[in-house]
Amino acid sequence: MKNKYSKQERKDLNEKKFNSIKTCKKCNYTGQQGKSFARCNIKGIWQYGDCKLCAQKITRAWRYNMNVDELDAILNKNPSCNICDKEFNSKYRQVIDHCHAKGHVRGVLCDACNTVIGRLETNKSLISKYVKWIEEK
């Protein structure tokens, strides 16, 4: 199927769209389409959907088989890590912990605790080695 726009017309249209202002239908954020909104390319013309933050939330919720409201409820319920009790901030990032074998969400952890759990989950024999290493040193 032949594209109804020439290459130059697509380029001009994309540049105009990139620089125009848009409001997200989900959160009412207003910003420049090209910098603040998720996009996809259809026949050489960029289409802008939700703002990047809403698009990330939707993808994250989908990954854990939830809707955005359920994801927000879990994240807002926990101000600190369920293992080490460190309060979430720029140093202790909030992540969703899930079982890789069964796929269910277990809770919210800091990035460091989630990494340790992920390593131990795949090789449970490492637990005693970690403990032995710490006790010997």
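Asp-85 counts as exposed, at 58% relative accessibility, where exposed means over 50% relative accessible area, buried under 20% and partly exposed in between (1.4 Å probe, protein chains only). This is a predicted model, in which local features need pLDDT of at least 70, side-chain atom pairs count only at pLDDT 80 or more, and totals for chains, interfaces and linings use all residues. Residues are numbered from 1 along each chain as its sequence is written, and side-chain values use heavy atoms, with hydrogens and water left out.

Let us stay with Asp-85 for a moment. Its place is the loop between helix 4 (68-77) and strand 5; helices (H or I, at least four residues) and strands (E, at least two) are DSSP runs, numbered from the N terminus. Although Asp-85 is not a glycine, its phi is positive, at about 65°.

Asn-28 also deserves a look. This non-glycine residue has a positive phi near 65°, and belongs to the loop between strand 1 (21-23) and strand 2 (30-32).

| Residue | Phi | Relative accessibility |
|---|---|---|
| Asp-85 | about 65° | 58% |
| Asn-28 | near 65° | 59% |

Now to a strand residue. His-98 is part of strand 5 (residues 94-98) and is partly exposed, with a relative accessible area of 21%. Setting aside neighbours within four places in sequence, His-98 is in contact (heavy atoms within 4.5 Å) with Tyr-64, His-104, Val-105, Arg-106 and Glu-121. Gly-118 is 20 residues away from His-98 along the chain, and their C-alpha atoms are separated by 9.0 Å.
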